[in-house]
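Hi everyone, thanks for coming. Please take a look at the picture on the screen, and then I'll walk you through it.

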Amino acid sequence: MIRVIAKRYAGALADLSEEKKTVDMTQADLAAFVEAVEAHPDMQRLFASPVFTAEDKKAVIRELAAKLKLQPTTQRFIEHLAEAGRIRYVRDVSEAFQALIADRRNRASVRLSTAAPLNNGDLAEIKKRLEAITGKTVDINAQVDPALIGGAKAQIGSVIYDGTIKNQLAKMREELVN
């Protein structure tokens with residue numbers, strides 16, 4: 001349910017920011033706002049609490065928006081979330097917005113885990129293969145996970161491509177047990 005709500009708000013904001021040609025600034029604004037809220041547990045509690053009115057929440061949003069130098073459109077959008085009682089979902093809306101914009105730009109974000117750091121040539125080869133599989137331009141967020149033993153695991157949205165030794169050993173164990 002929350003994802004559906006977040007997607008609707010994200011879609012409206014994406015349409016508006018594309019119309020105003022401020023998509024990149026809006027992405028940066030939302031990310032900065034979410035990061036600031038998550039860094040302050042008191043602010044998270046305020047936004048989640050029904051005790052504080054929408055006006056109380058909007059006052060905090062205005063103050064934070066001024067500190068972060070958010071564009072007026074983004075600030076009004078976040079204030080609208082507060083008015084609608086949806087401000088506690090701002091992270092979900094931001095993530096849905098990022099995903100929607102990436103999809104509209106034919107881009108995919110990939111979380112790549114490897115047992116050891118990759119050199120630029122290996123990373124370029126993996127990027128090329130993932131782009132061929134997805135048909136999209138991919139942005140890779142590479143991280144090292146020594147527990148994988150060897151190989152690589154790529155996650156694109158909810159799809160996981162697991163070519164790790166750890167996974168292959170688990171499959172072999174499963175076959176031997178059965």
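Let's begin with the aromatic rings. How many aromatic pairs does the count come to? The count comes to two, where rings of Phe, Tyr and Trp (its six-membered ring) pair if their centres lie within 6.5 Å, and planes under 30 degrees apart are called stacked, over 60 edge-to-face, and the rest tilted. One of the pairs is formed by Tyr 9 and Phe 77: the ring centres are 6.4 Å apart and the planes stand at 70 degrees, so this pair is edge-to-face. Tyr 9 sits in helix H1 (residues 2–19) and Phe 77 in helix H5 (residues 72–83), so the pair ties together parts that are 68 residues apart in sequence. When I say helix or strand, I mean DSSP runs, numbered from the N terminus: H or I with at least four residues for helices, E with at least two for strands.

Before going on, a word on what we are looking at. This is a predicted model, in which local features need pLDDT of at least 70 and side-chain atom pairs count only at pLDDT 80 or more, while totals for chains, interfaces and linings use all residues. Residues are numbered from 1 along each chain as its sequence is written, and side-chain values use heavy atoms, with hydrogens and water left out.

Back to our pair. Are Tyr 9 and Phe 77 buried or exposed? Both are buried; the word means under 20% relative accessible area, with exposed meaning over 50% and partly exposed in between (1.4 Å probe, protein chains only). For Tyr 9 the relative accessible area is 17%. Which residues does Tyr 9 touch, leaving out those up to four places away in sequence? They are Phe 77, His 80, Leu 81, Ala 84, Arg 86 and Val 93, with contact meaning heavy atoms within 4.5 Å. Leu 118 is another matter: it comes 109 residues away from Tyr 9 along the chain, and their C-alpha atoms are separated by 38 Å.

Now please find helix H5 again, because Thr 74 lies there too. Thr 74 has 0% relative accessibility, so it counts as buried. Setting aside residues up to four places away in sequence, Thr 74 touches Thr 26, Asp 29 and Leu 30.

Beyond the residues up to four places away, Asp 29 touches Lys 69, Leu 70, Gln 71 and Thr 74. Asp 29 and Lys 69 are 40 residues apart along the chain, and their C-alpha atoms are separated by 8.3 Å.

Where is Lys 69 found? Lys 69 is in the loop between helix H4 (54–68) and H5. At 71% relative accessibility, Lys 69 counts as exposed. Lys 69 also has a positive phi of about 60 degrees, although it is not a glycine. Asn 106 is another residue other than glycine with a positive phi, near 55 degrees. You can find Asn 106 in the loop between helix H6 (90–104) and strand E1 (107–114), and at 37% relative accessibility it counts as partly exposed.

One more stop in helix H2 (residues 23–38): Val 34. Val 34 is buried, at 6% relative accessibility. Apart from its neighbours within four places in sequence, Val 34 is in contact with Val 90, Arg 91 and Ser 94. Thr 73 is 39 residues from Val 34 along the chain, with 16 Å between the two C-alpha atoms.

Finally, let's zoom out. The protein chain has eight helices and four strands, and read along the sequence they follow the pattern α-α-α-α-α-α-β-α-β-β-β-α. Its radius of gyration is 20 Å, well over the 16 Å that the globule rule gives for 178 residues, so the chain is more spread out than a compact globule. Here the radius is taken over C-alpha atoms, and the rule is 2.2 Å times the number of residues to the power 0.38. Along its principal axes, the C-alpha trace spans about 60 × 35 × 30 Å. Of the 178 residues, 33% count as buried. As for contacts with a separation of 6 or more, residues 24 or more positions apart account for 66% of them.
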